[in-house]
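Here is a short report on one protein model. Look at the sequence and the structure first, then read on.

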Amino acid sequence: MAPTVLHLRSETKHLEHRSALTPATTAELIKAGYVVNVERSPERIFDDEEFEKAGATLVPEHSWVDAPKEHIIVGLKELEEKDFPLKHVHVQFAHCYKQQAGWENVLARFPRGGGTLLDLEFLVDEHGRRVAAFGFHAGFAGAALALEVWAWQLNHSEPFPGVESYPNEDALIADVQKAVKEGVAKAGRLPRVIVIGARGRCGSGAVSALKKAGIPDENILDWDMAETAKGGPFKEITDSDIFVNCIYLTSKIPNFVNKESLQVPDRQLSVVCDVSADTTSPFTPVPIYTVATTFDKPTVPVDGLTSGPPLSVISIDHLPSLLPREASEAFSHDLLPSLLTLNDWQNSPVWARAKKLFDEKVATLPESALRK
C-alpha cells in the first residue's frame with residue numbers, strides 16, 4: 001500500500017509564525033512510514049532547511065491547492081477567505097463551528113468539494129479532553145506582556161508599543177526582567193499579581209512566566225475554582241497590580257471584576273490580561289472592555305475611572321504566537337500520537353470523533369451555502 005502523504009501548508013494569517021508540524025515531529029512521522037511534503041514559508045519560525053534535514057520534501061508555497069486529492073493537508077490557522085471548493089482532508093483550526101461571522105461560507109467549502117475538516121480545536125480523547133492545545137504558552141506570553149505593561153505605565157504616559165514574536169523564551173524573559181527592574185525602580189517594590197485559573201494549562205503557564213521573571217511566590221495569588229466559588233467581584237483583584245484571567249467559560253458566573261468594583265479609592269490594579277480574550281462573549285467574567293487588542297496595539301484603556309492608576313487591558317487572541325518556536329514544539333509534540341494514526345484516520349477514535357462532529361456541523365448548513 002502506498003504511504004500516506006502529509007502536506008504541511010504555509011500559513012497565511014498575519015503575524016502567524018507557528019507551525020502544526022515541527023522538524024522533530026516530521027522526523028518521527030517519516031520514521032513511521034509517512035511521506036511529508038513541507039511548503040516553503042517565509043513566515044514559519046522553523047527554517048525550511050530544518051524540515052529538509054528531518055527528511056521532508058520541500059515544495060512551493062500554496063502548492064497544496066493542486067496536491068493529489070488523497071494527500072492530507074496539515075495547517076494551523078484558518079485558510080484565506082476564498083470561494084473555491086476544498087477536495088482534501090484538512091487538519092487545522094477553522095473557527096467555524098460556533099457560528100462565528102461567515103461560518104457557513106467557511107464550512108460549506110468542504111462538502112462542496114468533497115473534502116473533510118478535522119478541526120484541531122475539537123480533537124479530544126475519550127474523556128472529552130483536548131489532545132493538544134496552546135494554553136500553557138498563551139498564559140506564559142500573557143503574563144510576560146502584563147509585567148512589561150505594568151512597568152511601562154509607571155514610566156510613560158503614552159500607550160504600550162507594539163510587540164513582535166521572539167526567537168525563543170530566553171529572549172522574552174530577558175526583556176521582561178529588564179522591564180520589571182525599571183518598574184521596581186519607579187514603584188519601589190515588585191508587583192503583586194493575581195492569576196485566576198492558575199491550576200489549568202493556561203494558568204500554570206502564567207505562573208511559570210511570573211516566576212521566571214523574578215516575581216516571588218508571596219507576590220503571586222494563584223486562584224482556581226475553590227477560591228472563586230464564593231462569587232465575585234473580588235477585592236483581591238483591585239488590591240493587586242496585575243490580574244491575569246485564564247478562565248474560559250461557556251456559561252455565565254458572577255463577574256470577577258466589573259466597572260463598579262474598579263471604582264474604589266484604594267485600587268492598585270493597573271493591568272488586566274484577559275488571556276481567554278472573550279471580548280464580546282456574554283459569558284466573560286471581565287466585562288470592563290469591548291475591544292480585542294493585537295500585537296501592533298497590545299492594550300486598550302479602561303475609561304471612566306475616577307481614581308487610581310490608569311488601567312489597561314491586554315486581550316490578544318493569539319498570544320502563543322509571541323513564542324512561536326516553543327509553542328509549536330509543545331503543541332506538535334502533544335499532537336504527534338494522533339498524527340501517527342492519520343494513515344487510518346477513519347478508524348482512529350480521535351479522528352473519527354472529529355469527523356462525526358464535522359458531519360453534524362455540515363448538516364446545519366443552509367442550502368444556500370452549499371449551492372455556491
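## Ground rules

Helices (H or I, at least four residues) and strands (E, at least two) are DSSP runs, numbered from the N terminus. This is a predicted model, where local features need pLDDT of at least 70, side-chain atom pairs count only at pLDDT 80 or more, and totals for chains, interfaces and linings use all residues. Residues are numbered from 1 along each chain as its sequence is written, and side-chain values use heavy atoms, leaving out hydrogens and water.

## Helix α6

Helix α6 spans residues 201-212, twelve in number. From first C-alpha to last it reaches 17 Å. That is close to the 16 Å expected at 1.5 Å a residue, counting one less than the number of residues. After α6 comes G214, with a positive phi near 100 degrees.

Buried means under 20% relative accessible area, exposed over 50%, and partly exposed in between (1.4 Å probe, protein chains only). Among the buried residues of α6 are C202, G203 and L210. Their cover includes α4, α5, β7, β8 and β9.

## H333

H333 lies in helix α10, residues 324-339. H333 is exposed, with a relative accessible area of 55%. Its C-alpha is separated by 40 Å from that of S368, 35 residues apart along the chain.

How values were computed
Contact = heavy atoms within 4.5 Å.
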